[in-house]
Amino acid sequence: MSRRRISALVTVLALAGAVPALLPATPASAASCSSYPNWSAGTYYNAGDIVRYTDGKAYIAEHANPGYDPIISTWYWDPYACEDGGSQTPVGDFVVSESQFNQMFPGRNSFYSYSGLTAALSAYPGFAKTGGDATKKQEAAAFLANVSHETGGLVHVVEQNTANYPHYCDWGQPYGCPAGQAAYYGRGPIQLSWNFNYKAAGDALGIDLLGNPWLVQNDSAVAWKTALWYWNTQSGPGSMTGHNAMVNGAGFGQTIRSINGSLECDGRNPAQVQSRVSTYQRFAQILGVDPGGNLYC
């Protein structure tokens with residue numbers, strides 16, 4: 001059974017609201033951002049608490065809250081000026097800059113933040129860091145192109161067809177569906193679905209996604225981590241992972257096969273395949289790299 005659906009999706013209503021502008025820079029005597037504790041989803045914060053977010057910047061709680069995301073729940077959090085809080089350097093020298101990311105996804109949902117993506121990279125350090133410069137850029141472009149196709153350009157966060165929600169619970173699994181039968185619908189950049197996939201992804205990432213699948217739609221870094229989990233560890237209906245397809249020269253077509261080959265490849269849905277390929281070619285151009293061969297499946 002497929003772990004995802006190609007149905008239309010809907011944006012999570014709770015994600016409305018723009019990120020406020022950063023406060024003006026302060027004198028060098030300001031405290032370092034790294035001196036504040038790291039923000040942690042699910043940790044209770046009192047008004048006045050200051051945290052260091054995954055983007056390296058500091059935020060102050062204007063209102064007490066149970067660990068809401070500072071760049072999403074902007075009523076609860078405000079940016080807080082600190083000495084090293086203005087850096088835009090990609091985490092781990094990611095081959096996609098923030099400006100290139102914004103160029104790829106001009107209409108994206110604010111939930112799918114660049115900082116959330118870069119914060120997730122540590123979960124799979126080989127992603128876009130294996131091989132030569134061209135290979136790294138090709139893999140990043142391939143991953144983001146497939147993600148773009150799955151989410152309508154990083155616009156949609158959860159599956160739209162709510163009638164499907166109860167179908168993603170396999171009671172035959174020994175751990176069942178502790179979050180409820182209708183809790184394991186498609187979420188995130190690659191639309192993680194089914195209780196067994198939430199269990200497997202959560203176990204791999206050290207996060208209780210089986211018990212709290214809503215983290216995938218409420219925490220940007222967690223959402224990106226689930227997509228990277230699939231890309232780096234799952235072959236789906238294909239014979240290799242998306243990561244292996246790109247770093248071993250099999251080509252972009254094999255990444256399509258690993259994600260949705262049973263419904264799109266071998267002539268089943270050429271329009272969907274072409275959409276993925278065209279997006280990949282465009283992203284590769286943005287990154288200044290040749291897309292390589294074997295683009296189709």
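In what order do the three strands of the open sheet come, and is the pairing parallel or antiparallel? The order is β2-β3-β4, and the pairing is antiparallel. Strands here are DSSP E runs of at least two residues, helices are H or I runs of at least four, and both are numbered from the N terminus. Two strands count as paired if DSSP finds at least two bridges between them.

This is a predicted model, in which local features need pLDDT of at least 70 and side-chain atom pairs count only at pLDDT 80 or more, while totals for chains, interfaces and linings use all residues. Residues are numbered from 1 along each chain as its sequence is written, and side-chain values use heavy atoms, with hydrogens and water left out.

The edges belong to β2 (50-52) and β4 (77-80), each of which pairs on one side only. On average, neighbouring strands are turned by 35 degrees against each other, direction ignored.

β3 (residues 58-61) joins β4 through four bridges and β2 through three. A58 is the bridge partner of R52 and also stands opposite Y80 in β4, while I60 faces D78 of β4. Both faces of β3 are covered: A58 and I60 on one side, Y59 and A61 on the other, are all buried (under 20% relative accessible area with a 1.4 Å probe, protein chains only; over 50% is exposed, and partly exposed lies in between).

The largest nonpolar core has 76 residues, and F94, V96, F127, F143, L144 and W224 touch the most other members. Such a core is a set of buried Ala, Val, Leu, Ile, Met, Phe, Trp, Tyr and Cys residues joined through side-chain atoms within 4.5 Å. Helix α6 (residues 220-233) gives the most to this core, with eight residues. Leaving aside residues up to four places away in sequence, W224 touches F143, L144 and P189, among others (contact means heavy atoms within 4.5 Å).

F111 sits in the loop between α1 (98-104) and α2 (114-120). F111 counts as buried because its relative accessibility is 0%. Its C-alpha atom lies 9.4 Å from that of H156, 45 residues away along the chain.

**α3 against α8**

α3 (residues 133-151) and α8 (residues 252-264) pack at about 25 degrees, with axes 9 Å apart. Axes are lines fitted to C-alpha atoms over the stretch in contact, and angles run from 0 to 180 degrees between N-to-C directions. The two helices are therefore roughly parallel to each other (under 35 degrees; over 145 is roughly antiparallel, 65 to 115 roughly perpendicular and the rest oblique). Residues making the contact include A142 and H149 of α3 and F252 and I259 of α8.
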